[in-house]
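Hi everyone, thanks for coming. Let me walk you through a structure that may be new to you.

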Amino acid sequence: MDIDIEIHQINKAESESNQYIQAKLLSDKPKLSEKFKIEVLATNEMKDFTYQVFGRGKMIESKSVSVPNAKQFLLELSPSMMMIPKANVVIYYITSCGDI
């Protein structure tokens, strides 16, 4: 069973520190039986980031991931029935100067 995972491009906000984050869905057509992959990229090294998964109007999962001094991370998530037919993933981090 395919799952429609959406990662929307959001216009970049102004950042005094010029630090940004980007997420890219690497799995072409996520299936319920397989983990799906999201590449997380930052312009500067991150200490950690937080992801939230929403499906059927509810937050399904919210976790912080420690990535000491990394600019790139491959996030692998296991789909659930709550993500069918569609899920949204929000990823953010707090920069060294406090921007979100």
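Let's begin with a term: a residue is buried when its relative accessible area is under 20%, exposed when over 50%, and partly exposed in between, using a 1.4 Å probe and protein chains only. By that cut-off, 34% of the chain's 100 residues are buried.

A word on the source: this is a predicted model, where local features need pLDDT of at least 70, side-chain atom pairs count only at pLDDT 80 or more, and totals for chains, interfaces and linings use all residues. Residues are numbered from 1 along each chain as its sequence is written, and side-chain values use heavy atoms, leaving out hydrogens and water.

Now the fold. Helices (H or I, at least four residues) and strands (E, at least two) are DSSP runs, numbered from the N terminus. Here we have 0 helices and 5 strands, giving the pattern β-β-β-β-β along the sequence.

What about the inside? A nonpolar core is a set of buried Ala, Val, Leu, Ile, Met, Phe, Trp, Tyr and Cys residues joined through side-chain atoms within 4.5 Å. The largest one has 19 residues, and Ile-38, Phe-49, Tyr-51, Leu-75 and Ile-91 touch the most other members. Strands E3 (36-55), E4 (58-77) and E5 each give two or more residues to this core, with E3 giving the most, 8 residues.

Is Tyr-92 buried or partly exposed? It counts as partly exposed, because its relative accessibility is 27%. Leaving aside residues up to four places away in sequence, Tyr-92 contacts (heavy atoms within 4.5 Å) Ile-21, Phe-49, Thr-50, Gln-52 and Ile-100.
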